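Here is a friendly walk through one protein chain, from its overall make-up to its packing. Have a look at the sequence and the model first.

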Amino acid sequence: MTVTYSRTGEAGEPASGRTGADGERAPEAAREEAWEALVATARRTVADGLVVGTSGNVSVRVGDTVLVTPSGVPYDRLAPEDITGVDLDGRQVLGTLVPTSELPMHLAVYRATDAGAVVHTHAVHATAVSLLVPELPPVHYMTAALGGPVRVAPYAAYGTDELARTMLDALTDRTGCLLENHGTITYGTCLDQAYDRTAQLEWMCRLWLTASSLPGRSPSLLTEEQLAEVADRLRGYGQRS
């Protein structure tokens with residue numbers, strides 16, 4: 001699925017001011033706007049405590065190009081000229097900075113799903129849960145927003161094809177999963193949705209850890225029927241275009 005981002009000026013025209021003959025923005029303008037949104041999302045993962053330093057990574061698809069955060073560069077130093085992009089086979093087509101080492105995971109998601117954006121973090125509570133159980137128990141109805149109880153992908157070294165494979169298995173019929181001894185990965189049709197799913201997943205992990213910490217007590221869990229009801233209700237949630 002192709003994702004674009006629009007910013008309008010006072011007169012309602014695209015902020016870039018560059019459009020094609022059919023009125024749509026030129027590809028380079030769409031990439032520039034998507035890169036700006038990607039950098040803002042990457043910085044948000046740091047501000048919200050979901051990553052430390054240069055850990056974690058973010059990507060967004062624009063046509064057949066995947067824009068992705070570069071390896072080892074602090075997000076607050078990224079500028080428009082640092083745009084980094086690859087094609088769906090991983091060949092670099094934009095920029096000179098080396099893409100994130102987790103590129104195999106991102107590309108695996110785009111090849112297997114209709115994702116428009118992917119967010120990977122090292123969120124502390126979610127990572128802690130990945131050390132304890134093979135699946136996050138359904139302690140909250142937002143479990144349904146991720147497709148059901150969130151699985152934990154077995155550990156594999158970062159940046160490897162093996163990790164990408166185990167991640168895809170855990171993502172079957174889901175829009176997010178935990179990575180054992182590692183972190184989280186979620187996807188969505190756009191950056192905002194992918195990020196929101198990451199934040200919700202971290203919150204649910206914190207909730208389960210908190211409830212499970214009381215001696216002699218076990219958290220109540222939602223049933224499959226209850227989650228199915230929520231999934232149906234979520235289809236009509238939010239504002240309609």
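The report below covers the fold, the sheet, the helices, the cores and the cysteines.

## Overall make-up

Please keep in mind that this is a predicted model. The chain contains 6 helices and 9 strands. It has 241 residues, and 46% of them are buried.

The 9 strands come together in an open sheet with mixed pairing, and their order is 4-3-2-1-5-9-8-7-6. Strand 4 (92-94) and strand 6 (135-136) are the edge strands, each pairing on one side only.

Helix 1 (residues 27-47) lies across strand 1 (57-62), strand 2 (65-68), strand 4 and strand 5 (117-121). Its direction is at about 160 degrees to strand 1.

Helix 4 (residues 161-170) lies across strand 7, strand 8 (176-179) and strand 9 (183-188). Helix 4 runs at about 160 degrees to strand 7.

In soluble globular proteins, nonpolar side chains tend to be buried together. The largest nonpolar core in this model has 22 residues, and those touching the most other members are Met105, Val109, Val118, Met167, Cys177, Leu179 and Ile185. Strand 2, helix 2 (103-112), helix 4, strand 8 and strand 9 each supply at least two residues of this core. Helix 2 gives the largest share, 6 residues.

Which residues does Leu179 touch, leaving aside those up to four places away in sequence? They are Met105, His120, Ser130, Val152, Ala153, Leu163, Met167, Thr184 and Ile185. A second, separate core has 20 residues, including Ala34, Val58, Leu78 and Leu94.

## Cysteines

How many disulfides does the structure hold? The count is 0. For background, a disulfide is a covalent bond between the sulfur atoms of two cysteines.

Cys177 counts as buried because its relative accessibility is 0%, and the cut-off for buried is under 20%. Cys205 is also buried, with a relative accessible area of 0%.

Key: Residues are numbered from 1 along each chain as its sequence is written. This is a predicted model: local features need pLDDT of at least 70, side-chain atom pairs count only at pLDDT 80 or more; totals for chains, interfaces and linings use all residues. Side-chain values use heavy atoms; hydrogens and water are left out. Helices (H or I, at least four residues) and strands (E, at least two) are DSSP runs, numbered from the N terminus. Buried means under 20% relative accessible area, exposed over 50%, partly exposed in between (1.4 Å probe, protein chains only). A disulfide is a pair of cysteine sulfur atoms within 2.5 Å. Two strands pair if DSSP finds at least two bridges between them. Contact means heavy atoms within 4.5 Å. Axes are lines fitted to C-alpha atoms, for helices over the stretch in contact, and angles run from 0 to 180 degrees between N-to-C directions. A nonpolar core is a set of buried Ala, Val, Leu, Ile, Met, Phe, Trp, Tyr and Cys residues joined through side-chain atoms within 4.5 Å.
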